[in-house]
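This report looks at helix geometry, aromatic pairs and nonpolar cores. The sequence and structure come first.

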Amino acid sequence: MSTVPDAGNVEIFKARTNKWFAGLAWGVGLLGLVVTVASAGPAGLLGTAPLLLVAFLGWQFFWLPAVVVHDGGVTLENPFRSVEVPWAALVHVDTRYALTLVTAQKSYAAWAAPAPGIWGGRNARPEDLRGLPDTSYGPGNSVRPGDLKTTDSGQAARLVRGRWQALVESGALAAGEAATTAVAVTPRWAAIAVAVLLLAASAWTVAAV
């Protein structure tokens, strides 16, 4: 479940391919359950913990993750924790390995927005380099592969930087607040507990075979 506060003007980014990976994980789990029941009957369900684990991780790692941009800041919905970074705490937005929100104390990467790597810019078109927020450009108007419009990290970064830049230019953010503004990190204890239980049950199932 999302931990985003009740805030208006919400934009949500999810990686384009993640829903396919989630569907694949659920398909594998469902097919495995059907085959198990067909071959061993209902009693075979006792040994399906590995299949349930695959389906559960498909949800946690592929369907759940998101970058949520709202009036209060940016919330990273990661597999086992939610990170809410207020606008006032944000110092820099990086895309070297993934969309990463840099604060005065720590950096927080978004699971939902990985960077494409050094080869991600090989097929970049001129239009992919134009119209980005000002903070996307480096020396000589250079652009990292992770900032390109066609990449997951680049699309998420545009949402974050665009809103952040507008707030700065409007004077809504005061200078010097980053060092004293707290970031809220909320572990997903229920998801962690389910993962641990399914891992333990899967290990027991494999050892019992």
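What should the 15 residues of α2 span at 1.5 Å a residue, and how far apart are its end C-alpha atoms? The model here is a predicted one. The expected span takes 1.5 Å times one less than the number of residues, so α2 should span 21 Å. Its end C-alpha atoms lie 20 Å apart, which agrees. Within α2, the residues A49, L53, F56, G58 and Q60 are buried.

**Aromatic pairs**

A pair of aromatic rings is described by the distance of the centres and the angle of the planes. The count of aromatic pairs comes to five. Two of them are described here, W26 with W63 and F61 with F80.

The ring centres of W26 and W63 are 5.5 Å apart. Their planes meet at 50°, so this pair is tilted. W26 belongs to helix α1 (residues 18-40) and W63 to helix α2 (residues 49-63). The pair therefore ties together parts that are 37 residues apart in sequence. W26, W59 and W63 make up one aromatic cluster.

F61 and F80 pair edge-to-face. Their centres are 5.7 Å apart, with 80° between the planes. F61 sits in helix α2, while F80 sits in the loop between β3 and β4. This pair ties together parts 19 residues apart in sequence.

**Nonpolar cores**

In soluble globular proteins, nonpolar side chains tend to be buried together. The largest nonpolar core has 21 residues. Which of them touch the most other members? They are V67, L76, L90, V93, L99, L101 and V160. Two or more residues come from each of β2 (66-70), β3 (73-78), β4 (81-86), β5 (90-94), β6 (98-103), β7 (107-114) and α3 (152-170).

Back in the largest core, V67 is a member. Neighbours within four places in sequence aside, V67 contacts E11, I12, F13, V74, T75, L76, L99, A110, A112, A113, A156 and V160. Among these, L76, L99 and V160 are also listed with V67 as touching the most other core members.

Key:
Residues numbered from 1 in each chain as written. Predicted model: local features only at pLDDT ≥ 70, side-chain atom pairs only at ≥ 80, totals over all residues. Heavy atoms only, no water. Core = buried A, V, L, I, M, F, W, Y, C linked by side-chain atoms within 4.5 Å. Buried < 20%, exposed > 50% of the residue type's maximum accessible area, 1.4 Å probe, protein only. Helix = DSSP H or I, 4+ residues; strand = E, 2+ residues; numbered from the N terminus. Contact = heavy atoms within 4.5 Å. Phe/Tyr/Trp six-rings, centres within 6.5 Å; stacked < 30°, edge-to-face > 60°.
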